[in-house]
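Hi,

Here is the structure I promised to pass on. Have a look, and then read on for my notes.

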Amino acid sequence: QVRLWQNWEMVMGPDIAPLAWPLGARNGILIVGGEDNLALQELSFMTPEILERVNAFMDAPVFDKVELRLVMGEIGRAHVRTRPLPAPGTWAPILRR
C-alpha cells in the first residue's frame with residue numbers, strides 16, 4: 001500500500017487526484033479523504049473508477065470498496081500530503097470525522 005500512497009497522483013490522474021487522497025485501508029476498503037462536501041459528491045460518482053485504477057496499479061483486486069471521508073480543520077489536505085501516514089491503528093481520530 002505504501003507504493004500506492006507514494007504514487008497516488010500518478011494513479012488517479014489529473015481529474016481525481018486534486019479532489020482526493022488516501023487515508024488508509026481496512027478489510028478490503030480503501031479509505032479516501034476529501035476536503036469538502038462538493039469534492040465528496042464528485043468522488044462518489046468516481047468510486048468505480050478509483051477502484052479500477054487502484055486495483056490495476058496493485059496488479060490484484062486488493063480493494064472491493066471505497067469509503068469516502070470528509071477531512072477538514074487541523075487535518076487538511078496540506079498536512080496529509082506533507083506528513084507521513086499515521087501508523088495502523090491510530091487512524092481512528094481522523095476517520096471519525
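Below is what turned up, starting with the ground rules.

This is a predicted model, where local features need pLDDT of at least 70 and side-chain atom pairs count only at pLDDT 80 or more, while totals for chains, interfaces and linings use all residues. Residues are numbered from 1 along each chain as its sequence is written, and side-chain values use heavy atoms, with hydrogens and water left out.

Strand 2 covers residues 29-34 (strands are DSSP runs of E, at least two residues; helices are runs of H or I, at least four; both are numbered from the N terminus). Six of its six residues are buried (under 20% relative accessible area, 1.4 Å probe, protein chains only). I29, I31 and G33 lie on one side, with L30, V32 and G34 on the other. In a regular strand, side chains alternate between the two faces of the sheet.

Strand 2 pairs with strand 1 (residues 21-26) in the antiparallel sense, over five bridges (pairing takes at least two DSSP bridges). A25 stands opposite L30. Strand 3 (residues 65-70) runs parallel to strand 2, joined by six bridges, and G33 has R69 as its bridge partner there.

Then there's V54, in helix 3 (residues 37-58). V54 counts as buried because its relative accessibility is 0%. Beyond its neighbours within four places in sequence, V54 is in contact with L4, W8, V11, M12, L30 and F63 (heavy atoms within 4.5 Å). L30 is 24 residues away from V54 in sequence, yet 9.1 Å away in space, C-alpha to C-alpha.

Cheers

Definitions and conventions: Buried means under 20% relative accessible area, exposed over 50%, partly exposed in between (1.4 Å probe, protein chains only).
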